Amino acid sequence: MSEQIHQPTPSVTPPPPAQPVGRPWWLLIGAGLGAMVAACQLAVLIGPLLGSVRYALGLPATGLAIVLVAQLAAVASGFAGGYLLGRRAPAAVTGSALVLMLLGVVAAALAGSAAMLTVAVLPAGLGQGAALGTGAGLTGEAGERRAQVRLGLGLALFGALAVGALLGWFATRSLSWRLACLATVPSVLVALLATVVIAVATSARGTRAP
């Protein structure tokens with residue numbers, strides 16, 4: 001009876017796990033700038049500026065509270081939308097958010113009553129929230145560097161909040177509350193230009209973010 005010879009089965013080394021592929025870093029510039037401008041503008045509008053607005057327009061405490069609650073509610077709504085949609089179309093969402101922020105602060109600077117100011121802060125708050133939500137959502141798609149990107153964005157937002165508070169305080173004391181509302185317009189325009197340039201460069205390269 002023939003003996004069966006058992007040959008050892010060669011071991012197969014499993015392939016290394018695929019490394020997560022994140023978005024190119026330069027695609028995050030526009031969203032990051034938009035988030036920083038949003039944080040700065042938010043600090044300006046809800047910082048020392050509110051006291052000057054209340055005095056200039058003769059607003060009661062309840063009227064000022066309504067304006068503040070309306071803006072914060074708009075920020076929360078915009079953040080949810082930006083977080084969900086910004087990862088699919090970051091340039092479009094960031095650009096739209098910056099336009100809303102620009103329209104909102106201009107309308108706020110021209111407001112003459114609590115009702116007008118409440119209407120004005122709604123688009124501004126939506127834009128600020130959408131920009132912040134887009135930035136937060138994209139940090140999770142930075143691949144292996146997501147931890148560093150999240151840390152960097154967090155520090156940048158903290159710095160933008162501090163700059164916005166100081167800018168609002170200085171502009172309110174030195175100029176007027178209306179000019180203080182417009183203090184962030186140049187930075188909004190710069191961020192909008194950067195977003196458009198990145199979107200055009202992405203389209204020219206035929207790059208489509210996953």
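I take helix axes as lines fitted to C-alpha atoms over the stretch in contact, with angles from 0 to 180 degrees between N-to-C directions. The model I am looking at is predicted.

**Entry 1. Helix 3 and helix 5**

I looked up the pairing of helix 3 with helix 5 to begin with. Their axes come within 6 Å and cross at roughly 30°. Angles under 35 degrees count as roughly parallel, and helix 3 and helix 5 are therefore roughly parallel to each other. I noted the crossing as right-handed. Sorting the contact residues of this pair by class, I have 15 nonpolar, 11 polar and no charged.

**Entry 2. Helix 4 and helix 5**

Next I checked helix 4, residues 90-110, against helix 5, residues 114-139. The axes come within 7 Å, and the crossing angle is roughly 155°. Helix 4 passes helix 5 in a left-handed crossing. On the helix 4 side, the contact residues include Pro-90, Val-93, Ala-97, Leu-100, Met-101, Gly-104 and Ala-108. From helix 5 I listed, among others, Met-116, Leu-117, Ala-120, Pro-123, Gly-127, Gln-128, Ala-131 and Leu-138. The class count for this contact is 18 nonpolar, 5 polar and no charged residues.

**Entry 3. Helix 5 and helix 6**

I then followed helix 5 to helix 6, which covers residues 146-174. These two pack at an angle of about 155°, with axes 9 Å apart. Helix 5 and helix 6 are therefore roughly antiparallel to each other. Helix 5 brings Leu-132, Gly-135, Ala-136 and Thr-139 to the contact, and helix 6 brings Arg-146, Val-149, Arg-150, Leu-153 and Leu-157. I sorted these residues into 5 nonpolar, 2 polar and 2 charged.

**Entry 4. Cavity**

How many cavities of 30 Å³ or more does the structure hold? I found 1. The volume of this largest cavity is about 80 Å³. Which residues line the largest cavity? I wrote down Leu-45, Leu-49, Leu-50, Val-53, Val-67, Leu-68, Gln-71, Ala-108, Leu-117, Val-121 and Cys-181. Helix 2 (49-57), helix 3 (61-85) and helix 5 each supply at least two residues of this lining. By class, the lining has 10 nonpolar residues, 1 polar and no charged.

**Entry 5. Cross-check**

Key. Residues numbered from 1 in each chain as written. Predicted model: local features only at pLDDT ≥ 70, side-chain atom pairs only at ≥ 80, totals over all residues. Heavy atoms only, no water. Helix = DSSP H or I, 4+ residues; strand = E, 2+ residues; numbered from the N terminus. Left-handed = near helix turned anticlockwise from the far one by under 90°. Contact = heavy atoms within 4.5 Å. Nonpolar A, V, L, I, M, F, W, Y, C, P; charged D, E, K, R; others polar. 1 Å grid on protein atoms, 1.4 Å probe; cavity = no way out; pocket = protein on both sides within 12 Å on 5 of 7 lines; lining within 4 Å. Points joined across faces, edges and corners; volume = space filled by probe spheres on them. Parallel < 35°, antiparallel > 145°, perpendicular 65-115°, else oblique.
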